[in-house]
Amino acid sequence: MSPPVLSVRDLRVEFELPAGLLPAVGGVDLDLAAGELLALVGESGSGKSALAMSLVGLNRGPRTRISGVVELGGQDLVAADEARLRRVRGKDVAVVFQDALAALNPTQRVGTQVAEMIRTHQRVGRRQAWQRSVALLREVGIANPEQRARSYPHQLSGGMRQRVMIAIGLANEPAVLIADEPTTALDVTIQAQVLRLLKRLQTEHGTAVMLITHDLGVVAEVADRVAVMYAGRIVEQGSRDQVLFAPQHPYTRALLNSVPRVDGPLHKRLPAIAGSPLTGVLRPPGCAFAPRCAFTHEACAVSPPALAHRYGGPGQLDACVLGADRAEVSVA
Amino acid sequence: MKPVPLMQVEGLRVDFGHRVRAVRDVDLEVYEGETLGLVGESGCGKSTLGKAMLRVIEPSAGAIRYLGLDITGLRGAVLRRTRAELQMVFQDPFGSLNPRRKVADIVAEPLLRARRADRATARRTADELLDLVGLGRSAGERRPHEFSGGQRQRIGIARALAPSPRFVVADEPVSALDVSIQAQIINLLADLTRDRGLTMLFISHDLGVVRHVADRVAVMYLGRIIEVAARDAFFAGPAHPYSEALLSSVPALSPQPARERIVVEGEPPDPADPPPGCAYHTRCRYAAERCRTEEPTLRDIAPGRQVRCHFPLPTVQEGPSS
């Protein structure tokens with residue numbers, strides 16, 4: 001694996017709520033290698049978006065506590081001031097959100113918005129920036145980009161707006177693209193088009209992509225590596241094939257089993273996971289998944305298991321203390 | 001002999017204003033005890049069709065027959081009694097429950113209104129239903145905000161079941177839920193339809209969910225039904241090119257990296273300005289000259305299988321039962 005472009009160590013994000021301190025991200029270590037597509041998977045409230053937003057300080061505020069280290073090109077973004085973060089965002093790290101309509105300026109032509117992103121970080125003239133903007137819109141698959149560049153966001157479809165967001169993200173050829181549920185609001189035929197685009201940009205430009213999603217089918221489709229989050233922590237991490245097809249953590253297994261698929265065997269009943277995820281301020285001292293887990297042991301209630309290499313393949317990490325015992329139980 | 005459909009829609013049309021025809025000349029049957037999955041992308045009219053079948057939205061033309069009786073002209077007490085038999089489960093468990101009311105009152109309300117039950121009976125039924133959907137009787141004393149998304153959807157289901165309906169339209173009932181919770185609700189709906197002999201129209205954009213819930217599948221595109229088939233036959237090989245593309249677009253959770261995928265180019269046309277001929281020809285990879293000029297009708301191509309296409313794809317007659 002090539003050296004990481006982005007390196008996260010013991011990242012914690014806590015929100016101050018009236019009910020107490022919500023540990024949205026509870027100590028995450030993660031590396032994003034140059035040119036890879038890492039999928040960060042989890043259900044709502046798992047902390048995947050809070051983690052991604054905190055990488056570039058997008059969720060800073062008086063009631064948010066962020067600690068740990070996010071290293072990018074020799075600088076720590078957690079310690080960086082707002083002015084420095086502004087230089088990083090859009091230039092070194094770009095973010096694409098789920099809701100493109102909310103992220104775009106409704107009063108400005110989309111071509112202008114792409115051009116402004118270029119001019120914010122590079123010394124180029126208006127005309128040249130506009131030409132680059134049109135070229136970028138063409139690159140992300142927008143037909144008639146010369147005309148479309150003059151459109152306002154509301155005149156474009158959801159899929160087209162998401163392409164514009166990706167064009168803005170790519171404007172300064174960032175090393176890292178963070179895409180937070182970029183296809184969740186899109187129809188499945190349009191989603192297929194946007195995923196194909198993301199994958200092409202990753203391979204052609206060598207952009208490292210962190211794709212945040214709840215959709216395991218999407219992960220199987222485009223990811224090189226996968227990290228699974230549960231209740232603010234990474235519970236499993238490894239290559240696409242390791243995590244999706246030889247999962248170690250009981251949560252990963254249960255999650256994969258509960259997906260209603262269009263192919264494969266048809267279950268009489270879907271193997272659901274009982275209970276619901278932990279999203280409140282109160283967390284048990286042990287493994288957060290234990291209350292829903294089919295293989296619990298006394299050790300699970302003691303302390304949160306560390307993410308470590310246990311019985312998985314090379315480089316595969318999991319946070320389950322049961323290890324081999326669990327493997328035997330689950331085979332039986 | 002074909003059984004009599006519980007719900008039958010004939011020539012149903014729903015217009016929004018003068019320009020947009022959301023639902024166009026839909027003929028559809030739902031048979032007693034079955035779950036019919038209605039699939040399609042946003043804006044195809046599937047939700048509007050489901051609401052029109054219950055007269056939540058008034059149709060512009062056509063007939064809706066419940067047990068043979070056209071309900072489009074019903075008014076007053078007859079309509080109220082009939083409505084009790086026809087209920088709806090909504091997508092948004094957050095928006096569809098009154099936050100100020102106790103859960104027991106929310107569930108009991110349709111019984112009081114539609115069935116004119118007395119308070120004590122309604123309350124007893126509500127408690128039983130809350131138990132049935134897995135929330136427990138004590139849930140009745142609490143308010144919606146105290147529950148998670150999956151639990152709220154259980155409340156919505158209990159409310160729909162309160163007047164003992166025979167037909168339920170479930171409009172994207174699991175789309176807002178996480179996958180681990182989604183599976184719980186899918187299983188609950190399967191149990192309830194089986195145990196109570198419910199007939200259901202299950203509207204969803206998610207083909208994986210539909211495969212696990214439906215007995216038959218109907219696909220909509222731009223306001224029209226373009227294919228109807230038995231579940232296994234449909235997933236073994238769709239007959240309409242749009243169904244094929246839709247199925248092929250679903251990201252597959254399979255070890256083989258991105259299988260041979262049919263990526264549909266372009267976007268659905270504006271429903272206010274549909275193309276001439278077949279509505280799908282602008283995106284269809286098989287489109288021929290005839291498709292650009294002549295609109296296909298929904299026709300039988302095999303027993304229990306209809307398709308609206310001049311050149312349907314070859315299909316397996318009997319889907320593999322799995």
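Predicted model: local features only at pLDDT ≥ 70, side-chain atom pairs only at ≥ 80, totals over all residues.

Visitor: Where does B:Arg55 sit in the chain, and what is its phi?

Guide: B:Arg55 belongs to the loop that runs between helix H1 (46-53) and strand E4 (61-66) of chain B, and its phi is positive, about 60 degrees, although the residue is not a glycine.

Visitor: What about B:Ser164, what is phi there?

Guide: Phi of B:Ser164 is near 50 degrees, which is again a positive value in a residue other than glycine. B:Ser164 is found in the loop between helix H5 (149-161) and strand E7 (167-171) of chain B, and with 15 other C-beta atoms within 10 Å it is partly exposed.

Visitor: And B:Gly197, buried or exposed?

Guide: B:Gly197 counts as exposed, with 10 C-beta neighbours inside 10 Å. It lies in the loop between H6 and strand E8 (199-204) of chain B, and its C-alpha is 9.5 Å from that of B:Phe167, a residue 30 places away in sequence.

Visitor: Let's step back to chain B as a whole. How many helices and strands does it have?

Guide: Chain B has 10 helices and 12 strands. Its radius of gyration is 20 Å, close to the 20 Å that the globule rule gives for 322 residues, so chain B is as compact as a globular protein of that length. The C-alpha trace spans about 65 × 50 × 40 Å along its principal axes, and buried residues make up 50% of the chain.

Visitor: Which residues have the most contacts inside the largest nonpolar core?

Guide: That core has 204 residues, and those with the most contacts inside it are A:Leu40, A:Ala167, A:Met210, A:Leu211, A:Val228, B:Val107 and B:Phe202. Helix H6 (residues 179-196) of chain B gives the most to the core, with eight residues. On the chain A side, domain 1 (4-92 + 174-331) and domain 2 (104-171) both give residues to it, so the core lies between them.

Visitor: Which residues is B:Val107 in contact with, leaving aside its neighbours within four places in sequence?

Guide: With those neighbours set aside, B:Val107 is in contact with B:Ala126, B:Leu129, B:Leu130, B:Ile155, B:Ala158, B:Arg159 and B:Ala162.

Visitor: How many residues does each chain put into the contact between A and B?

Guide: Chain A puts in 37 residues and chain B 36 residues. On the side of chain A that touches chain B, H8(A) gives the most, with seven residues, and by class that side has 18 nonpolar, 10 polar and nine charged residues.

Visitor: Last topic, the sheet in chain A: in what order do the strands come?

Guide: Four strands form an open sheet in the order E2-E1-E4-E5, with antiparallel pairing. Strand E2 (20-33) and strand E5 (75-76) of chain A stand at the edges, each with a single partner strand, so one side of each is left without a neighbour in the sheet.

Visitor: How many bridges join E1 to E4 there?

Guide: Eight bridges join strand E1 (residues 4-17) to strand E4 (residues 64-72) of chain A, and the bridge partner of A:Glu14 in E4(A) is A:Arg65.

Key. Residues numbered from 1 in each chain as written. Chains lettered and ligands numbered in written order. Pairing = 2+ DSSP bridges. Helix = DSSP H or I, 4+ residues; strand = E, 2+ residues; numbered from the N terminus. Core = buried A, V, L, I, M, F, W, Y, C linked by C-beta atoms within 7 Å. Buried ≥ 20, exposed ≤ 12 C-beta atoms within 10 Å, placed from the backbone. Domains from an automatic or database assignment. Contact = placed C-beta atoms within 7 Å. Nonpolar A, V, L, I, M, F, W, Y, C, P; charged D, E, K, R; others polar. Rg over C-alpha atoms; globule rule 2.2 N^0.38 Å.
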